[in-house]
Amino acid sequence: MKKVVNILLAICIVALIYIVYGSIMNPIKFTNEKKIRDKAVIERLMDIKAAQTEYNYQHSGYCDNFDTLAVFIKTGKLPITKKIGELTDDQLENNWTENKVLALYAKAQTTEQEAATLKGRRAAQKQYEADTLWQRAEKEGFIKINEDGTKEFLFSRETEFVSLYDSLYHGRINPDSLRYVPFSNGKEFELSTSSDTSKAGVITYSFEAKTLFVNYLGAESEGGGLDKQEIINLLEDCDDRGRYRGMKVDNNSGNWE
């Protein structure tokens, strides 16, 4: 009888150890796995925000669907300004600004182009005007005119357009997959847009992209769901704090920040 009691006691001790171990390790395991999945979701939300920010800049409003947003990412362009030189203190004291210098260049180039369309005295007069403008630019230190007449720009601002996809993502993502929540087995982010008009008539645009925790932590998630009780605890904590039961980002920030 004593032997049976000892065996039962040993079984109870092992079970108790297992329960205590589980109560300690389950939250740790849940937290570690949640961090991995959260990171992937946050990165995807930030990729959406990056695309929406540029879309709003170019279209004065955010995109309300992923089909259009994917096309924009694949075909859109970004303006990149190449800068050569900076205005010196002396040039600034002479009231030169970047816009004034570029306007001087534009006027000289336009006058030169006009001269090429004319003949005789009128052409010579226009070319003289163009040369005078270029000489002024050289005198102010913005260009150097070589002996063969070619110009070396010591100060310039040139805008060229590059691939939005390459510039923002460097080939890191598939634009058509931007809609899908990581670890969710194909569930899509909810995407919405809105606008508000102030009394002064100023229109403010906004967007929001979001997904629930259960979409990438729950039983139907890729790689299997995490501990059910820990998920329940997480959702109850969100309710207690009055927070959204998942991850979301808008044109200002994400709710994880």
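**Exercise 1. Helix 4 against helix 5**

Determine in which hand helix 4 passes helix 5 in this predicted model, and how the two helices are oriented to each other.

*Solution.* 
Step 1. The crossing of helix 4 past helix 5 is left-handed.
Step 2. Two packed helices are described by the angle between their axes and the distance between the axes. For helix 4 (residues 98–117) and helix 5 (residues 120–139), the angle is about 160° and the axes lie 8 Å apart.
Step 3. Angles over 145 degrees count as roughly antiparallel, and helix 4 and helix 5 are therefore roughly antiparallel to each other.

**Exercise 2. The nonpolar cores**

Identify which element gives the largest share of the largest nonpolar core, and which residues Ile-48 contacts.

*Solution.* 
Step 1. The largest nonpolar core has 34 residues, and those with the most contacts inside it are Leu-45, Ile-48, Leu-69, Ile-73 and Phe-213.
Step 2. Elements giving two or more residues to this core include helix 1 (2–59), helix 2 (66–75) and strand 6 (203–212). Helix 1 supplies the largest share, seven residues.
Step 3. With neighbours within four places in sequence left aside, Ile-48 is in contact with Phe-66, Leu-69, Leu-178, Phe-189, Phe-207 and Ala-209.
Step 4. Another core, of 12 residues, lies apart from the largest one; among its members are Val-101, Leu-104, Tyr-105 and Ala-108.

**Exercise 3. Two asparagines with positive phi**

Locate Asn-95 and Asn-185, and give the phi of Asn-95 and of Asn-185.

*Solution.* 
Step 1. Most residues other than glycine have a negative phi.
Step 2. Asn-95, in the loop between helix 3 (89–93) and helix 4, has a positive phi of about 65°. At 54% relative accessibility, Asn-95 counts as exposed.
Step 3. Asn-185, in the loop between helix 6 and strand 5 (190–197), has a positive phi of about 60°. With a relative accessible area of 52%, Asn-185 is exposed.

Note on methods:
Residues are numbered from 1 along each chain as its sequence is written. This is a predicted model: local features need pLDDT of at least 70, side-chain atom pairs count only at pLDDT 80 or more; totals for chains, interfaces and linings use all residues. Side-chain values use heavy atoms; hydrogens and water are left out. Axes are lines fitted to C-alpha atoms, for helices over the stretch in contact, and angles run from 0 to 180 degrees between N-to-C directions. Helices (H or I, at least four residues) and strands (E, at least two) are DSSP runs, numbered from the N terminus. Angles under 35 degrees count as roughly parallel, over 145 as roughly antiparallel, 65 to 115 as roughly perpendicular and the rest as oblique. A crossing is left-handed if the near helix is turned anticlockwise from the far one by less than a right angle, and right-handed if clockwise. A nonpolar core is a set of buried Ala, Val, Leu, Ile, Met, Phe, Trp, Tyr and Cys residues joined through side-chain atoms within 4.5 Å. Buried means under 20% relative accessible area, exposed over 50%, partly exposed in between (1.4 Å probe, protein chains only). Contact means heavy atoms within 4.5 Å.
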